Amino acid sequence: MLKFAYQEHYRSYYLDSRNLQLQFPAISSNQTADVCVIGAGFLGLSTALELAEKGKKVIVLEGARVGFGASGRSGGQAINGFEEGIDEYIKQVGFEKARKLWDMSLEAIDIIDERIQKYAIQCDWKKGYATLALNERRMDDLVAMEQASREHFGYQKMQLWDKNQLKQHLGSDIYVGGLFDSNSGHLHPLNYCLGLAKACADLGVQIYEHSPATDIQVKSHTQAVVFSENFTIQCESVVLATNAYIDNLSKKITFGIEKTILPVESFIIATEPLEQKLADSLINNGMSVCDNNLLLDYYRLSADNRLLFGSDSSTNVDMVAKMRSEMLAVFPQLEETKIEYGWAGPIDMTMNSTPHFGRVKPNVYFAQGFSGHGVALTGLAGRIISEAIEGNDERLAIFESLKVPKLYGGKWVKRVALKIGIPYYRFLDKYR
């Protein structure tokens, strides 16, 4: 059942360029804590850090290694807003709550700034992010996005670029234009995650690796027991921070919230380091980039001038060859460039791309369904959950009011949905 448990990190560019060699012990005795957090990725560590800063005693259980999942393998793009458009949130919860959601998404970026500075986390954090359109219809979507964020919420940090403006910064001819956001950015995700873990440990958080949670028993509104191996953690509150790996956990732990998550495989390749002149000919302003397809490509330069190129359209073919082909469609000038890394991992999508935060019991909290926005939104979720544990659930309640559809039938239904959905999205991307 626990396929991820006891594993080491998958080899990736991020693993080979990590700047902290952290290792934490497995749990070996019964423990007590104010809060037990299950999962040591961005969400779990962000929640633990917020609580530790408030003086709470926190234990974090990780079945594999810190940053084993998307927190250590993702594209590293930290994006404000949400995957679904602004108008959809206004329809769901009304203008005032939608404004609060937007403001919280900006706070999510601020949290990254704050933590990197406060805890001296070295993770190559760089601002600048562009969403690009492959045709005029999709450019219209970007125009509507910029207009909505500016007119509804007064956001002034987005710039619409036509093809000529885009060409000043990007060495590709396939796009008709783009939307540049100077506030969003990108980082080295594993180094950021390890930096969060070190900050937690320095504040007294107990982190246990290779220690999967196997059961949760809720005794009352203020008492729960978490089981791991042959040991228990007696605590007041529990936080589920398992995200895309929730299908691998026992139903004793998931409380049914796995029904909202569709794990989607994402794949990334990394080139050899590029000469500075060639790197500048690709991206000369340090921004990260994605297109606005349903099955999108995303890419950026690393600190050592590798092109990291990813896509959410994973198949059973040779993914390194497939991703190289997609990379060359954007940058044919890389024909002679070697690919040195290729790795995959699941991200936690919801069916409508809306984040799913809430409580399954009065003292059992969760956040999931970040749908490609997890680098930033996980920090926000950790803060909101910590606020709720401290007694202020106003902001958590806003997220709980969002509609997130469920997919019934278990993992085999999810597999069928992906087999049907990915070709369908490719069809839509081709003709929309």
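In which loop does N305 lie? N305 is found in the loop between β15 (297-301) and β16 (307-311), where helices (H or I, at least four residues) and strands (E, at least two) are DSSP runs numbered from the N terminus. This is a predicted model, in which local features need pLDDT of at least 70 and side-chain atom pairs count only at pLDDT 80 or more, while totals for chains, interfaces and linings use all residues. Residues are numbered from 1 along each chain as its sequence is written, and side-chain values use heavy atoms, with hydrogens and water left out.

**Loop residues**

- N305 has a positive phi of about 65° although it is not a glycine.
- With a relative accessible area of 14%, N305 is buried; buried means under 20% relative accessible area, exposed over 50%, and partly exposed in between (1.4 Å probe, protein chains only).
- A120 also has a positive phi, near 50°, and is a residue other than glycine.
- A120 belongs to the loop between α4 (95-118) and β5 (126-133), and A120 is exposed because its relative accessible area is 52%.
- T242 sits in the loop between β12 (237-240) and α8 (251-254), and T242 counts as buried because its relative accessible area is 12%.
- Leaving aside neighbours within four places in sequence, T242 is in contact (heavy atoms within 4.5 Å) with I38 and L249.

- Helix α10 (residues 319-330) has 12 residues and reaches 17 Å from its first C-alpha to its last, close to the 16 Å expected at 1.5 Å a residue; the expected span is 1.5 Å times one less than the number of residues.
- At the start of α10, a side-chain oxygen of D318 comes to within 3.2 Å of the backbone nitrogen of V320.
- The buried residues of α10 include M319, K322, M323 and E326, and the buried residues of this helix pack against β13 (262-271), β15, β16 and β17 (339-349).
- Helix α11 (residues 374-389) has 16 residues that should span 22 Å at 1.5 Å a residue, and its end C-alpha atoms are 21 Å apart, which agrees.
- In α11, 16 of its 16 residues are buried.
- G391, which follows α11, has a positive phi near 115°.

**Nonpolar cores**

- In soluble globular proteins, nonpolar side chains tend to be buried together.
- A nonpolar core is a set of buried Ala, Val, Leu, Ile, Met, Phe, Trp, Tyr and Cys residues joined through side-chain atoms within 4.5 Å.
- The largest nonpolar core has 83 residues, and those touching the most other members are L45, V66, L101, I112, Y192, I207 and F399.
- The largest share of this core, 10 residues, comes from α4.
- Apart from neighbours within four places in sequence, L101 is in contact with F82, Y89, V93, I398, F399 and L402.
- A second, separate core of 27 residues includes F4, I38, F68 and I261.

**Residue V60**

- V60 is placed in strand β3 (residues 58-61), and V60 counts as buried because its relative accessibility is 0%.
- Not counting residues up to four places away in sequence, V60 touches V37, G39, A40, A48, V205, Q206, I207 and Y208.
- The C-alpha atoms of V60 and Y341 are separated by 31 Å, and these residues are 281 residues apart along the chain.

Notes. A polar contact is a pair of N or O atoms within 3.5 Å; within protein, one must be able to donate a hydrogen and the other to accept it, and residues adjacent in sequence count only if both atoms are side-chain atoms.
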